Amino acid sequence: MSNNNVTRRGVLKSGTVAGAGLAIPTIFTASSVAAYTNEPGAGSVKFGFNVPQTGPYAEEGLDELRAQELAVEHLNGMGDGGMLNTFSSKVLDGTGILGREVKYVTGDTQTKSDAARASARSMIEKDGAIMITGGSSSGVAVAVQALCQEAGVIFMAGLTHSNDTTGKDKKANGFRHFFNSYMTGAALAPVLAAQYGTDRKAYHLTADYNWGYTTEEAIRASTEAMGWETVNSVKTPLTQTDFSSYVAPVLNSGADVLVLNHYGGNMINSLTSAVQFGLREAQANGQNFEIVVPLYSRLMARGAGENVKGIFGSTNWHWSLQDEGSQAFVRSFGTKYGFPPSQAAHTTYVQTLLYADAVTRAGSFAPCAVAEALEDYEFDGLGNGKTLYRGDDHQCFKDVLVVKGKENPESEFDLLEVVEVTPVDQVMYDPAHPQMGGAEATLGECNNGA
Amino acid sequence: MTDQTTQTPIAAASASSSKGGMFGLAAKDTTLFLVVIGLVIFAPFILNPFPEGSAMAQFNAGYPDLMQRFVIFGILAIGFNILFGLTGYLSFGHAAFLGVGSYAAIWSLKLFTLNVIPAILFAIVVGGFFAWVIGKISLKRSGIYFSILTLAFAQMSFAMAYSVLTPITGGETGLQIKNTDNPLIGGPTDGSIGRANLFGAEMGNSFELGIGNWVFTFNLGYYIAAFAMIVAFYLSIRIFRSPFGIMLRAVKSNQNRMNYTGLTPKVYTLYAFVISGMYAGLAGGLMVAMDTQVGPERMFWTASGEIVIMTILGGAGTLIGPVLGAGSIKYMENILSKINKDVLHQWFAMLPDGLEDVVVEFAYIFVGKQWHFTLGIVFMLVVIFLPGGLVEGAQRVSARFGRKKKATDTTDNSASTSAE
Amino acid sequence: MDQIIVQILNGLDKGSAYALIALGLTLIFGTLGVVNFAHGALFMMGAFCAVVTSKILSSSHKVVDETRTDFLGNPLEVDVFYMQDWFGETAGAAIMDWAVPLAILVSIPVMILIGFIMERGLIKHFYKRPHADQILVTFGLAIVMGEVIKYYFGANPIQTPAPEALSGRVDFGVWLGYGPNAIVYPMWRLVYFFFSASIIAAVFAFLQFTTFGMVVRAGMADRETVGLLGIDIDKRFTFMFGLAAAVAGIAGVMYAPIVSPAYTMGMDWLVLSFVVVVVGGMGSLPGAVLAGFVLGIIESFASMPGVVNLLPGINQIIIYVVAIAILLIRPRGLMGRKGVMED
Amino acid sequence: MAILSVKGVNKRFGGLQALGDVNLDVVENTCHAIIGPNGAGKSTLLNVLVGKLIPDSGSVVFDGQSVLGRQPHEINQMGISRVFQTPEIFADLTVMENMLIPCFAKRDGAFRMHAIESVRHEKDMIEKAESMLAEVNMLDKREMTASSMSRGDKRRLEMAMCLVQEPRLLLLDEPTAGMARADTENTIELLKTIRKERGLTMAIIEHDMNVVFSLADRITVLAQGMPLVEDTPDNIKGHPKVREAYLGEAQV
């Protein structure tokens, strides 16, 4: 892979070639200038923000974009600095990164892996982006992560919850701050057992694709370890909107808990159906019937309105957290945009800062140097407490929030309340855990590209 | 490029052999073919008209990924046009063939060899076979009933690939080459991730030419795909001008007469269907060769709809129309969606502050997250004002500017009827 | 057995949504000969009529509550609803609660108007154009409509609940001789079914028993002949387009509490509604309705846990399997007429 | 010798007896006309001959082989061509292309994958098509789109398309229906000339008695699906049964 993806845009824009004179063609050869893909020039460095702007996850994507723009502002020393002030690492000082101004390009993933890769490739090939971040689904995350591995740039994943991203599909150039299905299961199960008892029979409705599978697997494993029994599990098509025929049989199935392994629109509609069929008020096996939504998204939960009240789930981050970092982020985001940020916004903001920090600490934009700086890096002050970027699988380990739909919301943003902060030790797992693809899955070698 | 007509006059038997043609094509087709070859070869220049770093550089499309997409979707649309443009059978499930071709190609790369040639050939065969099976059943019906049958098969393929067939298709996350893959012939031994190549030369290989502030990228993958498109385009011209092509147009025109002339319209249509399935398989194989990953949404009905729209937008039944349609849709998708507010502010920075904000707000309705809006409006405008698609637009423009030239040219060919 | 009854109810429910949309599509196709890819978008517009009505009814002004704070620590601004200002606490709340049924009244004129504008401004120029052109232009229109909705309402689904009084459940089982809680069915879904059934009946009655309807039916059978009789069929067809839009719109309003409206709805319904129409047979109104219910019920059965666990993935493809089977057995769908869109 | 022989053919549509025990022999190198009032079963009989309908009983033998159960295109390949009441041509194609299609069908059979050869190089076929066009006086219209021609021209084109296949039996379904007087005369002349030059066998359904009597060698009269009489034109002219059948029709 001697001369793969040779792209010299950064160099050009900084003006080194511009003076070479119009008439003389310059032919770049493989090893002439750069040591790695899209090595930035002296003046600026470009990030690629690749988020869904159309399709069902557009709102989350746009919220990610807001946070990313905010992060760029903070890195360049504008605004109030946000989490830079609370971040445990102090190498970022608001003068850009390694003296370069941070610029960015944006693209639309459409929540389709083809479109996401096309958009990412255009950022790498045309705009000279040094890093790609964002996204709101695991399919896209895995696809773009593989692309970045191949092209030799760093991928800082956005919202992706499937185990696969840092499990069986992990890559040396890819990093995930967001939590995953396994962590959700490990955090949620004890809370559920405490709330609902250990003698429970669960019925799973699972979105029929990879994320659904890993989430169901994780929740089943964790709840069954607590003594729950899984009476049935039914896969539902991603494109389903009316879940009545899936929800109707639940009440007479002998189950007393319904687990909705659904996200986004699926979650809104299945939850709505479940509530319409009276599951929330029903009794089964002499106990109150309960509904669980493993992965909550506050943005999406708004679409389910009243129906989320009292329903347990987990989330990566919530704006109501009282730690310094979260407060600082909510303050600067809220001041700029007028509403609190979502967990998707939070994770991309943090990822952008973490990348910038790693570059600064490494003293280089070279992907392998950055990766090394991120690996096994411990930090604090970014809203989730003490966090470890584990080197074995490039997954962040941090406390997990177990949340519940709020009974008496005070505003349209105030939908969830944090029930418990599950300590990180409880959600830790072995990198070769079977749910993570086992021992066979490896990161591979980091790739500097050119 | 104004001679995009399906009906070329057939020279009288007494006339001397076709004048001026090459490659076994008539003179006009030769011109068109040479123009297309020229455009394709020089695409890295043509698509990068703006200097790096200038405000307009946003509109440059001369980077490998998009150039590859232009020619690959061009192939797809050319193939679709052989079916739809000639026989009038509207397949609403063509993305399925693109998808199975892609899956076939990636499995070839994963299991057999990282060389793209077998992968592409395999994709063509699988695409063609899949088309044969679906065509055989769907062609029992015609008109919209045929369309819905093809749609149903494609949607089934999508749904299965997304869910129950996950072990074969990778489900939602699709398939990529992994470092654990161990192809029979010549995989990497150092545990790195294999890359698609052509006898060792990787698809990502490029060299760049800097002239002043311009940078032009010449990418190996693009030229391989471009070669495939030129061959595909050439074959489509030959098919259009062949007895078989006339038969396909006869299918569209009057199947009853065909039957009573001793011909089997269904068999002709099936062959057209399989050929266009092979074109789709080729496109799918090339997509994987250029960018080694497949996702099931490649087979979703919107992808099939996109193929239909590319063809109609460019001009169904014309030779070059589908390629133009494919290019313009992919251009909008990849260029418009990347224009964000920041970029707009840069463009309109020279305006006074208040005005700048107003202009940016207005312009932002059409780009960035709203690029679909522009797409919808363009569809409507084209179909309202240019019933023959973009080709008709090109013809009108050249008719306006080239009238003088035409006048001297009429003796040559009075029968060049407009494209349909 | 009780499960089968529930699934039949679910099927009727889904089926009535399919049938209503398919009916409108067939009306437009049958009378105007236009393939309207924007029909799903009209359905979506209807659903957003409910959203808008509910937004208007719950429009509010801010009152600062010094005792509480918002997420940034500033004093909380509490929404005070005009409806409650004007009509008092309870009456105001009741009006807001009944937003969806009230939205029907809003949607009828709005959707008829949208239908008129569409037909006069765009569709009428496409009567003589090939179906492919009609598909492209209406598809473009559907995208534009979706994007306009996305621009104003965002991409997320917006919850639009049914009135409190109608969001309870009916214990069906007791009536049928089962024990309590054996067959419990949401009340709004029953309302939806009976409402849809009466709309369908009303459309048929209208076509069957009014002079206007007779002319339209004659026009569906043979457009030119009716034109020769000196009847201004165009004006009637414009009205038919308005009617079809209104039917789609009402269906959308009533559906809003079942599936929260989102801008992607139009595209979600597009393919499915065409499958229903074609399975029913092009140009046949009874066929469209029949196919809607048949596919709805079969889909519900295929979604039962026993069936899904026995044949994994069957719920993903059942609609298409049934569509293929029906089209192969019956060349023109369930009740299609010969020669309609067969070439 | 009879090239086409129809024996005891019956066809019912529900309660309606469309054809009842029809017997018919078309002798080589003759023109056999089938006449009868509306609803007599003429078109049904023609559809049976070309394979569009399958009779309930009876046999249809063409040149020693049964045509029953064969597809229309197979029957055409056996040597039966059909001219329709309303011209069935390839309206979107040029006249020349319209002519080439039957030429290819004759040479290559029901299907051939000749996708790479250029039409321009099919000199033999072009020549054949041109000479046929010349025969029907349409050579000047060779590049016209068929749909833009007059109805008479379309009819001539269809006939040329059938004739260029050199059929052994040409079936004509009211070839002059809706034609102006002059066109009708031309058509009759054309058919006569072709018969003279090529020795063509024809079966013709026609309302216009003028056409029938100027072309036919034998006439079969159908009424209510039954063959009434079969005889030479001269004998048919004064036949009382025929009069009765036609007068009966006139009274309705």
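How many residues of chain C are in contact with chain A, and how many residues of chain A take part? In this predicted model, 36 residues of chain C are in contact with 40 residues of chain A. On the chain C side, the elements that give two or more residues are helix H1 (2-32), strand S4 (184-186), helix H8 (187-209), helix H14 (305-310) and helix H15 (314-329). H1(C) gives the most to this side, with six residues. Sorted by class, the side of chain C that touches chain A holds 17 nonpolar, twelve polar and seven charged residues.

**Chain arrangement and confidence**

The model has an ipTM of 0.91 and a pTM of 0.92. Four pairs of chains touch, and the most contacts among them are between chains A and B. Chain D does not touch chain A, the nearest C-alpha atoms of the two being 34 Å apart. Chain D does not touch chain C either, and there the nearest C-alpha atoms are 14 Å apart.

For chain D the mean pLDDT is 87, with 97% of the residues reaching 70 or more. Within chain D, helix H9 (residues 240-251) has the lowest confidence, at a mean of 63. Helix H3 (residues 95-108) of chain D has the highest, at 94.

**The sheet of chain A**

Chain A contains an open sheet of five strands in the order S3-S2-S4-S5-S6, with parallel pairing. Strand S3 (101-108) and strand S6 (174-176) of chain A are the edge strands, each pairing on one side only. On average, neighbouring strands of this sheet are turned by 25° against each other, direction ignored.

One pairing can be followed to the residue level. Strand S2 (residues 44-51) and strand S4 (residues 131-134) of chain A pair in the parallel sense over three bridges. A:Gly48 has A:Ile132 in S4(A) as its bridge partner.

Helix H11 (residues 343-362) of chain A packs on the sheet and touches S2, S4 and S5 of chain A. The direction of H11(A) makes about 160° with that of S4(A). Helix H4 (residues 138-151) of chain A lies across S2, S4, strand S5 (154-157) and S6 of chain A. H4(A) runs at about 160° to S5(A).

**Domains of chains A and D**

Chain A is divided into domain 1 (9-179 + 320-393) and domain 2 (182-314 + 415-427). For chain D, the domain assignment gives domain 1 (1-79 + 168-252) and domain 2 (86-166). The table lists the separations of the domain centres, taken over C-alpha atoms.

| Domain pair | Separation of centres |
|---|---|
| Domain 1 and domain 2 of chain A | 33 Å |
| Domain 1 and domain 2 of chain D | 26 Å |

In chain A, the contact between the domains takes 16 residues from domain 1 and 14 residues from domain 2. On the domain 1 side, helix H2 (58-75) and H4 of chain A are the elements that give two or more residues. The largest share of the domain 1 side, three residues, comes from H2(A). By class, the side of domain 1 of chain A that touches domain 2 of chain A has four nonpolar, eight polar and four charged residues.

In chain D, ten residues of domain 1 are in contact with eight residues of domain 2. Helix H2 (72-78) and helix H6 (181-198) of chain D are the elements that give two or more residues to the domain 1 side. H6(D) supplies the largest share of that side, four residues. The side of domain 1 of chain D that touches domain 2 of chain D is made up of five nonpolar, four polar and one charged residues.

**Dimensions of chain B**

Chain B has 18 helices and six strands. The radius of gyration of chain B is 23 Å, close to the 22 Å that the globule rule gives for 420 residues, so chain B is as compact as a globular protein of that length. Along its principal axes, the C-alpha trace of chain B spans about 65 × 60 × 40 Å.

Methods: Residues are numbered from 1 along each chain as its sequence is written. Chains are lettered from A and ligands numbered from 1 in the order in which they are written. This is a predicted model: local features need pLDDT of at least 70, side-chain atom pairs count only at pLDDT 80 or more; totals for chains, interfaces and linings use all residues. Two residues are in contact if their C-beta atoms, placed from the backbone, lie within 7 Å. Ala, Val, Leu, Ile, Met, Phe, Trp, Tyr, Cys and Pro count as nonpolar, Asp, Glu, Lys and Arg as charged, and the others, Gly among them, as polar. pLDDT is the predictor's confidence in each residue, from 0 to 100. Two strands pair if DSSP finds at least two bridges between them. Axes are lines fitted to C-alpha atoms, for helices over the stretch in contact, and angles run from 0 to 180 degrees between N-to-C directions. Domain bounds come from an automatic or database domain assignment. The radius of gyration is taken over C-alpha atoms; the globule rule is 2.2 Å times the number of residues to the power 0.38.
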